[in-house]
Structure formats: structure tokens, C-alpha cells
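Open the model in your viewer and keep the selection panel at hand. This tour goes stop by stop.

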Amino acid sequence: MPRTDTVKRRLEIGAIFSLSCLMLVREADMGLFKKKNPQDAFDPDVFTITDTILDPPRFTFLPAIYQDATRRKWAVHQRGGEPKIFDYADVLQCEVAEAGDPEADEAVSKQEFAQRILANPAKAAKMNAAKRNMCLGMGVVVAVQTGKDEVSKLEIPVMTDEVKRDSSLYKSYRNVAEKIKAEFDAMGGLA
């Protein structure tokens, strides 16, 4: 008798699992898991996406960056917010920036270094990693004209992990950053 109960229980669990899978498939068909069309956030008479400069992973707070080459405009769109549209001429300067440049850190005595470790162990560990040819982060910084006399910096993170500068992963991240920089340089006529 206990064996039949076990078989019945397994069949019930299997039926519940199958029903759950069917519900997920139906939800996917209803659009809950589909990626939204980014053009829906824009008025097509004002901005039409012709190129995607940055399409961030879902569930991150990174903005998407789009280009409208026909109107010579580009836009920054934070999910859930209104997109901000700029002209190509608003790009004033663009550069690839890295965190953890060993030349930027000054030489300190052993006593000062020990005090820094006690004051902020994480920062001391990052400084030490930078001295071992590690890049602690990389991004593209764009100076943008946001008003008549106002300039803002748009920081686009490309990498936030520690990566050895002589690794292929570092080179891959650097290529992505350089590609984004080249897009902005071309828009701003900086190339």
C-alpha cells in the first residue's frame, strides 16, 4: 500500500510541475518575459532608433543609449523613465577611463600604509591590486552640453570587476569601451 501512495504522490507532483511550466509558457506568450521594443518610449516624429550604442542587461540600473542618425540625435533612456534626447553637437568630449591606475597613487611609508589598511581595508586592498597590474573598473566618460551654460558628465560603466591588464578579458572590455568612445567621437565630430 505505501508504494501506491508514493506513486500517486509523484504523479501529483509531476502534474503540478507540468501545470506550472504551462503557466510560464502562457505568461511568456502574454509578453511578461519578452523584451520590450525600445522605440515605444520615443515619439517616432521626434526620434527613431537607427542604432543601439548601449543595450544594458535587464535588471540593472544602467541606461540604454540609442542613436537617430537621420536626425543627428542620440538619447539616454533609463528603464521606467522618460528618455533624454541630445543633438550630436552636444557631445563635447569623450574618453575611456580606468580605475586603479598605479601611477596615480603616491608612494607612502609602511606606517601610513598600515594606517590606511586600518582605516579602510577594502580601499587598501584595491590600491594593492592596482599595483599588481589590475584594472579595477573601466568606463566611458562623455562631457555633454545639457543647457546653455551647463555641462554634465555621462559615465557609462563597461567593467566593474578586477581584471588583469594583460588578460584577454581586459582586452575585450577595452575594445567595447573604445567602440562606445568611437561612436561618441563620431557624433561630436571629435574623431
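This is a predicted model: local features need pLDDT of at least 70, side-chain atom pairs count only at pLDDT 80 or more; totals for chains, interfaces and linings use all residues.

**Stop 1: the main core**

Select Ile65, Trp74, Val140, Val142, Leu154, Ile156 and Phe184. These have the most contacts inside the largest nonpolar core, which has 25 residues. Now colour by element. Strands E1 (51-54), E3 (73-77), E5 (91-99), E7 (137-145) and E8 (151-159) each give two or more residues to this core, and so does helix H4 (168-188). Which element gives the most? H4 does, with five residues. As a general rule, nonpolar side chains in soluble globular proteins tend to be buried together.

Next, select Phe42, Phe47, Ala64 and Tyr66. They belong to a second, separate core of five residues.

**Stop 2: strand E2**

Show residues 64-68, the strand E2. Are they buried or exposed? Five of the five residues are buried. Look at the two faces in turn. Ala64, Tyr66 and Asp68 are on one side, and Ile65 and Gln67 are on the other. Both faces are covered. In a regular strand, side chains alternate between the two faces of the sheet.

E1 runs antiparallel to E2, joined by three bridges. On that side, threonine 52 stands opposite tyrosine 66. E3 is also antiparallel to E2, and five bridges join the pair. Here aspartate 68 has lysine 73 as its bridge partner.

**Stop 3: aspartate 68**

Stay in E2 and zoom in on aspartate 68. Why does this residue count as buried? Its relative accessibility is 0%, and buried means under 20%, so aspartate 68 qualifies. Show what surrounds the residue. Leaving out residues up to four places away in sequence, aspartate 68 touches Val46, Phe47, Thr48, Thr50, Lys73 and Tyr88.

**Stop 4: the turn at arginine 72**

E2 and E3 form a hairpin with four residues between them. In the turn, arginine 72 has a positive phi of about 55 degrees.

Draw a C-alpha to C-alpha distance from arginine 72 to aspartate 87. It is 6.2 Å, although the two are 15 residues apart in sequence. Beyond four places in sequence, the contacts of arginine 72 are Asp87, Tyr88 and Met187.

**Stop 5: the largest pocket**

Switch to a surface view. Rolling a probe the size of a water molecule over the atoms shows where empty space is left. Then select Lys36, Asn37, Pro38, His77 and Arg79. Of the 15 residues lining the largest pocket, these lie nearest its centre. The volume of this pocket is about 410 Å³. Its lining divides into five nonpolar, four polar and six charged residues.

**Stop 6: the second largest pocket**

Select Leu54, Pro56, Pro57, Leu62, Pro157, Val158, Met159, Thr160, Asp161, Tyr173, Val176 and Ile180. They line the second largest pocket, which holds about 190 Å³ of space. Which elements each supply at least two residues of this lining? They are E8 and H4. By class, the lining has 10 nonpolar, one polar and one charged residues.

Technical notes. Residues are numbered from 1 along each chain as its sequence is written. Side-chain values use heavy atoms; hydrogens and water are left out. A nonpolar core is a set of buried Ala, Val, Leu, Ile, Met, Phe, Trp, Tyr and Cys residues joined through side-chain atoms within 4.5 Å. Buried means under 20% relative accessible area, exposed over 50%, partly exposed in between (1.4 Å probe, protein chains only). Contact means heavy atoms within 4.5 Å. Two strands pair if DSSP finds at least two bridges between them. On a 1 Å grid over the protein atoms alone, a cavity is a set of points where a 1.4 Å probe fits but cannot get out, and a pocket is an open set with protein on both sides within 12 Å along at least five of seven lines; lining residues have an atom within 4 Å of a point. Grid points are joined across faces, edges and corners, and a volume is the space filled by probe spheres set on the points. Ala, Val, Leu, Ile, Met, Phe, Trp, Tyr, Cys and Pro count as nonpolar, Asp, Glu, Lys and Arg as charged, and the others, Gly among them, as polar.
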